[in-house]
Amino acid sequence: MSSPEPKNIVKTLSLFSGGLDSIVSVKLIQEQGIDVQGLTFCTPFFEAEKPRAAARRIGLPLMVLDITEVHLAMVRAPRYGYGKNMNPCIDCHSLMLKIAGEKMEEMGYDFIFTGEVLGQRPMSQSRQMLHVVAKNSGYADRILRPLSAKLLPETLPEKEGKVDRERLLDIQGRGRKRQMEMAERYGITEYANPAGGCLLTDPMFSKRLKDLFASHPGFTPRDLELLKVGRHIRLNDRHKVIVGRNKRDNQSLEPLIEDRDAVFQMRDFPGPLCMLPGGGPEEVEREAAAICAAYGDTPKDANEVTVKCRRAGETSLLLVKPVNRADLQERMI
Ligand code: SF4
């Protein structure tokens, strides 16, 4: 007697952010007996900690891809432009779906799904935008949004019977009541706040990034890391100085220092660690040293102070007059 044909297991990739919507969408798809693999991304602008923690909590296998290079190229020149800050969300979503689509093909998955909800974010999750990002990814008919599927055109996996459309949902809008009820039903009590996590939506970081694009087009990943630390003060078209605001900043700057940088600290008084990335000519280094002195515990009557300048393991001393901090305000990046 021949053994019965093995049942074809449907396998899918979840573009997993770790938020409530992506968690309940995973549960909804798993309920249909479909095998779900999570996929998330990291770049210098966002990390994978939140999705990692959420995946651990719900027992979802998670693949984390570092997409820095291709993502950065997109951030420099987004086809659809930026949002309120330096966040090119339409291009970013399209790119993530494209990479997910490529992984799906490469690894033999049947379709991709996301936790997106129609109309939840007025711009990026409008009917039109959901269509645009899916189309731009090149995998439009294999991208399912289980939470809003009944309000959207039928996708290939639904047509092929790989997923039962009747058991998908028709959620739309900003409210999260239904998703919270689902979470309760699935026994999920802990989930992260949906907002936050992407530095490209942060106004201060965006200003610095714009400045970096304009002033240092040949920047390195290290320069992106520096944008996250301290005060940044522009000295001229080519040079800026970074001033640690506190002990934590000073500690964060230290491992990012390279031999080509000039690093300043006051010799006789406590004060910040200051960095001139890539160093500079003598007058620029003197200016950086004077800024370093301005942010240190310099006695009020001190006319000049000694600042240590180290570069590639060598230290020299500069005698400078601290600048007036108020004069630096408009040069802050
Ligand atoms: S908020 Fe950041 S990570 Fe999210 S789509 Fe926009 S640019 Fe991409």
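Ser14 touches Val26, Val36, Gln37, Gly38, Leu39 and Phe113, leaving aside residues up to four places away in sequence; contact here means heavy atoms within 4.5 Å. The model is a predicted one, where local features need pLDDT of at least 70, side-chain atom pairs count only at pLDDT 80 or more, and totals for chains, interfaces and linings use all residues. Residues are numbered from 1 along each chain as its sequence is written, and side-chain values use heavy atoms, with hydrogens and water left out. Ser14 is part of strand E1 (residues 11-15); helices (H or I, at least four residues) and strands (E, at least two) are DSSP runs, numbered from the N terminus. At 1% relative accessibility, Ser14 counts as buried, the term for under 20% relative accessible area, with exposed over 50% and partly exposed in between (1.4 Å probe, protein chains only).

Now to the rings. Those of Phe, Tyr and Trp (its six-membered ring) pair if their centres lie within 6.5 Å; planes under 30 degrees apart count as stacked, over 60 as edge-to-face and the rest as tilted. That rule gives three aromatic pairs. In one of them, the rings of Phe45 and Phe205 have centres 5.9 Å apart and planes at 75 degrees, so this pair is edge-to-face. The two partners are 160 residues apart and link distant parts of the chain: Phe45 sits in the loop between strand E2 (35-42) and helix H2 (49-58), Phe205 in helix H8 (residues 203-215). Phe45 counts as buried at 2% relative accessibility, and Phe205 does at 4%. Phe111 and Phe113 make a tilted pair, 6.5 Å centre to centre with 45 degrees between the planes, and both are buried.

Back to H8, the helix that carries Phe205. H8 has 13 residues and reaches 18 Å from its first C-alpha to its last, close to the 18 Å expected at 1.5 Å a residue (1.5 Å times one less than the number of residues). Its buried residues are Phe205, Ser206, Arg208, Leu209, Asp211, Leu212 and Phe213. They pack against helix H3 (68-76), helix H9 (221-226), strand E6 (231-234) and strand E7 (240-243).

Charges turn up over rings too, meaning NZ of Lys or CZ of Arg within 6 Å of the ring centre and within 35 degrees of the ring normal. The charged end of Lys11 sits over the ring of Tyr109, 5.0 Å from its centre, while Arg185 lies over the face of Tyr186, at 4.9 Å from the ring centre.
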